[in-house]
Amino acid sequence: MSGLGGLNRLSRLATVVRAGLRSNFGLAILKHRLFKEKKDRWLVPVFALAGLGVLPTLYGIVLLIKGAYAILAPMGQERALLTLGVLAGQLLILLFGIYYVISAFYFSRDLEFLIPLPLRPSEVMISKFAVIMINEYLTVAAIVLPVVVTYGVMAKGGIGYWVNAVLVYLALPVIPLALVSLLVVAMMRFINVSRKKDILILVGSIVLIVLALALQIGLGRTAGPQPSAQAVTAFFTSPDSLLNRVGSKFPPSIWATKAVAAGFSSEGPANLALLLGVSLAFFAGIVVMAEKLFYRGLIGLSETTGKKRRLTRDEMSRRVSSGRRAVAAVFGREWKIMNRTPIFLLNGVLVVVIVPVIFVLLANMGSGRGGSGGGGDLSAILKTMTSANPLFAILAAALFMTVCGSLNGTSSSTFSREGAQFWISRVIPVAPREQAAAKFLHSYLVAMLGVVTATVVAAIVLHLKAVHLAAAAGLALVAGVLLTVVGMIIDLARPLLNWTNPQKAIKQNFNVLLATLADIGILTAVFFGAKALIKAKLATTVVLGVVFLALAAAAALSFGILLRFADKRYPEIES
Amino acid sequence: MIELTDVSKSYNRGKVKAVDGLTLTVKPGEIFGFLGPNGAGKTTTIKMIVGLLRPDAGSVAVEGYDVAKEPLKAKQVTTYVPDYPAVYERLTGLEYLNFIGDVYGVPREARLDRIGRWLEIFELASVVTNPIQSYSHGMKQKIVLTAALLPAPRVMVLDEPLVGLDPRAAHQIKELFREHCDEGKTLFFSTHIMEVAEKLCDRIGIIHKGRLVACGTMEELKSIDRTEAGQSLEEIFLELTDK
Ligand SMILES: Nc1ncnc2c1ncn2[C@@H]1O[C@H](COP(=O)(O)OP(=O)(O)OP(=O)(O)O)[C@@H](O)[C@H]1O
Ligand SMILES: [Mg+2]
């Protein structure tokens, strides 16, 4: 009886998980559109092209890893590379996990349909967990895969290496995600009691992110006095000392390293078993917790508290606006909706402020006392790299500012975010080009916020001269116009309007991904252009001037295209 | 004034013909009721009037402005209430009304006046500063109605506006409709409630499978050959839309 019940429950769980995955990734729909309806076929070459655009960046990363391997291997420290890769991956999982967990556990609308079904809380949560895991695999692939693959090739890893690498990769997100889930579910349990939920959720997420960062810094800095020369020699002559030191604060990364590096031999299987076992235990832990806490944090979350209160004549008169221009009205609407929807805020204003700050922390990590360990003084490396040639420093800083300001989903989800409310934009007597202009102002304001924060960060980390900093910021500001417009055009071409979960409009929006790839492509093109100019031995000011003018011309041109495209597209989008 | 001339629209590349050669004129000062079974093409027609859908053939004009050629002028004189009140959940009711007032260019005094009055009538005055998210379905419906009334448009187009409203609100709405049209303005709405159409509308159109099968005043509808004298609108409707 109980055996049969267990089997039933398992198949029911599989169904829930499958439904969750299907509704989140919609591969079936994509497949249908690509092959049956032959609709979005043009996407295939676009993606191929975009993929090519990323190749140079990837190649650079691989070169970097190879270089590090060549330096570390003679000292018997090469395994530390794996540990670093794994740790970086897990940190990323932790950071993104906070977004993912909060939005999947608490802000996805399908919960309203799932909860009334005869499912256990843990089953609902596991289905959400699976969705997040897949998201995490995709997210960390960019960091972990290059490291593991390059290492494997350099170290001539056998079958054991590759098999264990795959297993470790699959298990990688479980522990950090379980930790995050525990924290988040516990946090929500208490937040739910309170009235100002949206604000608290935001504050809570920021606190969690800061905690994760503090952990990171804790890992980077090992306390203790400046090591003597002897100590350093001793350190480097005992194999894997670096690995143990780097991973000491988070043992799973050591187990992962040893499991992968040793493959099927010596300490490999034991460490693999340890990693998988602990992961499983954590997973069991959150299942138990889900039963106890999950729904209690959930129920009543969509309820907003507002006091019922009549406005007096005076108050009413003050609150009724006295006729703003249409552009200002649309801008105000964009701004309010973006900042009041937690998922949108997390991916917009918060990202552009937090990313540069994270960068400061990363750059300072390992500097000072603990720096002797891995030579990881990123800040110092940056300084030497940039002090050689101010032109190089300016371009690098500009790139950094552009990335901080523009590589977020604000512009490339600007039409998609309207969702089911797009009909309002279609019926109001405001020309599509004016609406697009208002949306541009909003997206660009977010980008500018990022550029400003990044400028402050660059001033702290890179110690650039004020003139150079200003030049970099100027470049970033024109590049920002171009990237913002490109993102908007991509989103306008096929806005995703039929979502019910705001997560879909921004985090899982194809257009955001597409725009990111396009942005990388544009920046790569600018990079090669600048490189050619530098090779031609032109003066610094000339190079900067040419890059600036080229960007400005492209920005102006694309802005004109955007306005026309809006006039053409709005009437076509049937809603 | 609304003029539909030989308008057709199909979905899925012609597989589903939703509206088929529809010609119809609604004169100023008229309340026009649009009836038809589920899937007859009412919503499709309404969306073409307000410019949300583009007709495959034919033309639509509002107050003499062709909806396709002079969309902004047409939109300036029209407001629309959809069948489902999808509005900005994160804005407060008042913010939404302000937004609508701004984009339609409603002067401040008129705005204060009308907002105060409709909020009172719809019993929304005590919740306007709360996010729309916290409204019930009917309250959302009412805020959309208030927004549609706010610009005092020449033409109002509403898709099943009475669904989900309590009897008092429904009664108020009907009074407002009458008042609106007494000022020489035009009102076009779809409904499934025969009684409302019979009592409220100056003229009634019945659409069935995308075609207009009857159109006229109650008297005119009653005098269609096939029908016997003294029939109710319900009986006429059932007869015309049978098969
Ligand atoms: N987005 C769409 N895609 C495909 N077909 C559609 C779409 N919208 C409507 N249809 C089809 O067009 C026809 C007319 O639909 P419409 O929504 O206009 O009917 P309706 O008269 O408003 O019905 P109801 O009384 O149920 O609201 C139906 O056959 C419907 O299936
Ligand atoms: Mg309808």
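This is a predicted model: local features need pLDDT of at least 70, side-chain atom pairs count only at pLDDT 80 or more; totals for chains, interfaces and linings use all residues.
1. The shell around ligand 1. Ligand 1 is surrounded by 13 residues, and the closest of them are B:Gly39, B:Lys42, B:Thr43, B:Thr44 and B:His192. Sorted by class, this shell comprises five nonpolar, six polar and two charged residues.

2. Elements that supply the shell. Two elements of chain B, β2 (16–26) and α1 (42–49), each contribute at least two residues to the shell around ligand 1. The greatest contribution is that of α1(B), with three residues.

3. Polar side chains at the ligand. For B:Thr44, a polar side-chain atom lies 2.5 Å from a ligand oxygen. For B:Thr43, the distance from an N or O atom of the side chain to an oxygen atom of ligand 1 is 2.6 Å. For B:His192, the corresponding distance is 2.9 Å. Of the 630 Å² of accessible area that ligand 1 has on its own, the protein covers 62%.

4. Extent of the interface. Chain B brings 42 residues to the contact, and chain A brings 41 residues. About 4,000 Å² is buried between the two chains, with carbon and sulfur atoms giving 58% of that area. On the side of chain B, the residues that lose the most area to chain A are B:Leu52, B:Tyr88 and B:Arg90; together they account for 18% of what that side buries.

5. The rule finds two salt bridges between chain B and chain A. One of them joins A:Arg324 to B:Asp102, where the closest N and O atoms are 2.7 Å apart.

6. The face of chain B. The elements that give two or more residues to the side of chain B touching chain A are α2 (71–76), α3 (93–104) and α4 (108–121) of chain B. Of these, α3(B) gives the most, with nine residues. The class composition of this side is 23 nonpolar, nine polar and 10 charged residues.

7. Points to inspect. Which helix gives the most residues to the shell around ligand 1? That helix is α1(B). Which element gives the most to the side of chain B that touches chain A? Here the element is α3(B).

Note on methods
Residues are numbered from 1 along each chain as its sequence is written. Chains are lettered from A and ligands numbered from 1 in the order in which they are written. Side-chain values use heavy atoms; hydrogens and water are left out. A residue is near a molecule or strand if one of its heavy atoms lies within 4 Å of it. A polar contact is a pair of N or O atoms within 3.5 Å; within protein, one must be able to donate a hydrogen and the other to accept it, and residues adjacent in sequence count only if both atoms are side-chain atoms. Accessible areas come from the Shrake-Rupley method with a 1.4 Å probe; for residues, only the protein chains shown count as cover. Helices (H or I, at least four residues) and strands (E, at least two) are DSSP runs, numbered from the N terminus. Ala, Val, Leu, Ile, Met, Phe, Trp, Tyr, Cys and Pro count as nonpolar, Asp, Glu, Lys and Arg as charged, and the others, Gly among them, as polar. Contact means heavy atoms within 4.5 Å. Buried area is the accessible area (1.4 Å probe) that two parts lose on being put together, summed over both. A salt bridge is a side-chain nitrogen of Lys or Arg within 4 Å of a carboxyl oxygen of Asp or Glu.
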